There are 4 protein chains.
Amino acid sequence: MEAREQFGLPFVAEVLDSRDVGLVSSYADIIRIGTRNMSNYALLAEVGRQPKPVMLKRGFTATLEEWLNAAEYIYKEGNHQIILMERGIRTFETASRNTLDITAVPLVKAMSHLPIMVDPSHSGGKRELVAPLARAAVGVGADGIMVDVHPSPDTAKVDGAQALLPSEFADLMESVKALAGVLGLKT
Amino acid sequence: MEAREQFGLPFVAEVLDSRDVGLVSSYADIIRIGTRNMSNYALLAEVGRQPKPVMLKRGFTATLEEWLNAAEYIYKEGNHQIILMERGIRTFETASRNTLDITAVPLVKAMSHLPIMVDPSHSGGKRELVAPLARAAVGVGADGIMVDVHPSPDTAKVDGAQALLPSEFADLMESVKALAGVLGLKT
Amino acid sequence: MEAREQFGLPFVAEVLDSRDVGLVSSYADIIRIGTRNMSNYALLAEVGRQPKPVMLKRGFTATLEEWLNAAEYIYKEGNHQIILMERGIRTFETASRNTLDITAVPLVKAMSHLPIMVDPSHSGGKRELVAPLARAAVGVGADGIMVDVHPSPDTAKVDGAQALLPSEFADLMESVKALAGVLGLKT
Amino acid sequence: MEAREQFGLPFVAEVLDSRDVGLVSSYADIIRIGTRNMSNYALLAEVGRQPKPVMLKRGFTATLEEWLNAAEYIYKEGNHQIILMERGIRTFETASRNTLDITAVPLVKAMSHLPIMVDPSHSGGKRELVAPLARAAVGVGADGIMVDVHPSPDTAKVDGAQALLPSEFADLMESVKALAGVLGLKT
């Protein structure tokens with residue numbers, strides 16, 4: 001059983017080619033646009049015509065303005081179920097894979113009504129960074145977090161170095177819920 | 001009465017010139033090296049010979065490695081009371097003054113035993129960002145925060161746009177203490 | 001008559017969607033992949049199956065390694081007629097639209113056998129920068145330059161601010177040829 | 001005999017501490033402010049009171065506006081003999097040590113009357129990049145270049161990897177003079 005099913009989570013599927021959008025949309029609960037496709041306008045428009053929620057990852061080199069413009073390409077085709085996902089930006093600092101732009105959360109909330117989540121797994125790229133960054137995301141007021149979990153990270157085909165074990169994920173959720181409770185947030 | 005005195009806080013004084021270090025050290029509780037002087041090695045060495053704690057702000061364009069090397073310049077002269085202060089880095093994003101590198105906190109904690117604080121006022125440069133970023137700093141596990149407070153921000157000579165009123169600061173401290181309590185941190 | 005025809009230049013057409021590649025390929029002399037599509041792997045693969053030369057612009061946030069990897073996506077499908085086009089990268093400097101990475105030219109020449117050209121129009125974004133940057137490109141050893149020319153820049157629908165008049169272009173070509181002659185380059 | 005003397009070049013000495021400015025000024029033909037001290041305002045002011053020309057290297061993370069402001073700190077103290085030196089900026093690209101911002105040359109010429117030179121040695125950090133970048137600097141219209149030369153680069157205490165042999169330097173000067181001649185520049 002996948003970790004996704006264990007925790008009752010939706011099936012999020014990434015789409016890479018405008019020709020595949022219909023097929024992906026027919027199976028997925030949520031269609032995801034990855035960071036390298038944030039400016040793929042043909043793909044954005046096609047996704048905008050689907051009856052499924054879209055998770056739009058920020059381009060790791062995109063400004064907030066460019067990100068919200070990309071969301072607009074989806075929105076204007078009629079699909080208004082858009083979730084923004086901050087996943088770190090490229091900077092001069094190379095000690096982490098990318099620099100999580102935590103400031104993006106309150107800024108986007110002031111510029112847009114769209115929900116914004118944080119991905120602490122891909123931004124840092126290291127397992128030991130996931131929990132602190134997830135807690136930072138709750139502290140800053142993000143609408144949600146997305147965390148990589150794998151039952152056997154060392155044998156994962158991709159992204160194993162940043163994946164939590166299901167037990168670590170469960171522990172993280174405990175502290176996240178406690179923090180959210182203090183801040184009066186729903187979980 | 002200054003906000004500093006109202007809250008029983010130390011007198012932190014910035015030093016800009018190697019010739020002024022002795023004088024500043026004789027009055028200040030904590031000597032501060034500003035972001036633009038992080039690589040001023042003459043200044044670092046001179047501060048390293050003082051009997052006062054030093055707050056070393058990260059250069060806004062410095063890597064973590066360069067920052068810790070700068071701390072080493074102080075340390076090797078005999079002054080081991082060093083506080084690191086993350087205050088945001090220069091990136092391509094211009095929606096905030098700088099990008100708070102929240103990932104720096106767990107990374108520095110893995111690389112060094114020195115305490116690391118976060119400055120949510122200078123990184124964002126806007127009053128409305130201070131509270132969310134301060135809460136992110138607590139969530140990520142920072143050893144402290146430094147916040148600009150002014151009784152009349154609109155008439156402040158510098159940095160008024162990012163200063164909190166004393167009453168806003170007191171409110172922020174309430175939520176910071178509550179978050180820290182959940183995480184088992186001392187305040 | 002277009003400036004292109006006046007100077008006997010090829011018809012370069014940009015393709016944005018993997019579904020349009022066949023159509024564009026049937027009309028264009030050279031298929032262009034724009035800077036925002038450099039990581040659109042579906043598009044790269046489709047272009048790699050066409051019998052036409054491809055101009056691959058560098059993503060304005062792509063490293064040289066990522067750029068050459070993108071070229072590999074085209075190459076491995078069988079199309080080996082690839083021209084690389086350096087057009088400036090996103091940096092902290094905002095005085096010009098982008099920062100022309102002139103160092104990319106000798107670096108790419110050491111890493112790859114593919115020809116590399118320079119676009120002085122899009123990198124700077126200002127007419128007065130075109131001639132100096134074009135001459136820098138010749139000096140650094142680029143295999144060619146691509147320059148925006150328009151008979152009436154003030155009425156151009158796009159990119160008018162960076163377009164040269166045909167007469168300015170002719171003047172620039174004179175100095176480019178003279179420089180290339182000194183360096184023993186063919187023009 | 002130093003390469004400097006062989007080619008009849010001035011003695012350029014870098015100053016690091018405001019307390020040493022007088023001493024350095026008494027020996028040097030040109031006082032140099034290094035890239036890490038561009039924002040050291042105490043040092044800039046002190047150098048501004050000396051009767052010697054100053055070479056102000058661009059901070060490798062400084063905007064053109066910040067660089068010209070730093071020059072103003074020298075200028076307003078009375079020293080108007082200022083030479084600006086572009087030496088590359090920090091970007092996401094790590095294939096070269098820094099990214100030479102060749103666009104800075106025409107931009108600075110439009111913003112200021114100060115002469116601007118280019119340092120192709122420190123920006124690229126590799127010997128094989130020096131000649132192409134030097135020729136790019138001539139092409140773009142720089143007022144001069146500064147090149148690292150060493151009779152035995154492999155045994156140089158610093159910066160050997162980017163130093164030319166005197167014979168390589170002489171060869172480079174030949175092509176530089178030829179290019180400058182085509183452009184009608186004095187050498």
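How many bridges join strand E5 of chain A to E6(A)? In this predicted model, the count is 2, and the two strands run parallel. One of the residues involved is Val118(A), whose bridge partner in E6(A) is Ile145(A). Strand E5 itself covers residues 116-118 of chain A.

That pairing belongs to a wider arrangement. In chain A, 6 strands make up an open sheet with parallel pairing, and their order reads E1-E2-E3-E4-E5-E6. Strand E1 (12-14) and strand E6 (144-145) of chain A sit at the edges with a single partner strand each, so each of them has one side without a neighbour in the sheet. As a bit of background, strands of a sheet pair through backbone hydrogen bonds, and the pairing can be parallel or antiparallel.

Now for the place where the two chains meet. Chain B puts 32 residues into the contact, and chain A puts in 32 residues as well. Between them, the chains bury about 2,600 Å², and 78% of that lies on carbon and sulfur atoms. On the chain B side, the residues that lose the most area to chain A are Phe92(B), Glu93(B) and Thr103(B), which together account for 21% of what that side buries.

Glu93(B) turns up again when it comes to charge. It forms a salt bridge with Arg58(A), with the closest N and O atoms 2.8 Å apart. Between chain B and chain A, the count of salt bridges is 2. The interface also holds 4 residue pairs in polar contact.

Which elements of chain B give two or more residues to the side that touches chain A? They are helix H5 (104-111), helix H7 (127-140) and helix H8 (166-182) of chain B. The largest share of that side comes from H7(B), with 7 residues.

Last comes the way the two copies are arranged. Chain B can be superposed on chain A by a rotation of 180° with 0.0 Å of shift along the axis, and the RMSD is 0.0 Å. The two copies are therefore related as by a two-fold rotation axis. In chain B, the C-alpha nearest this axis belongs to Ala136(B), at 2.1 Å from it. Both copies use the same surface, too: 100% of the contact residues of chain B recur in chain A.

Technical notes. Residues are numbered from 1 along each chain as its sequence is written. Chains are lettered from A and ligands numbered from 1 in the order in which they are written. This is a predicted model: local features need pLDDT of at least 70, side-chain atom pairs count only at pLDDT 80 or more; totals for chains, interfaces and linings use all residues. Side-chain values use heavy atoms; hydrogens and water are left out. Contact means heavy atoms within 4.5 Å. Buried area is the accessible area (1.4 Å probe) that two parts lose on being put together, summed over both. A salt bridge is a side-chain nitrogen of Lys or Arg within 4 Å of a carboxyl oxygen of Asp or Glu. A polar contact is a pair of N or O atoms within 3.5 Å; within protein, one must be able to donate a hydrogen and the other to accept it, and residues adjacent in sequence count only if both atoms are side-chain atoms. Helices (H or I, at least four residues) and strands (E, at least two) are DSSP runs, numbered from the N terminus. Copies are superposed by least squares on the C-alpha atoms of residues with pLDDT of at least 70 in both. Two strands pair if DSSP finds at least two bridges between them.
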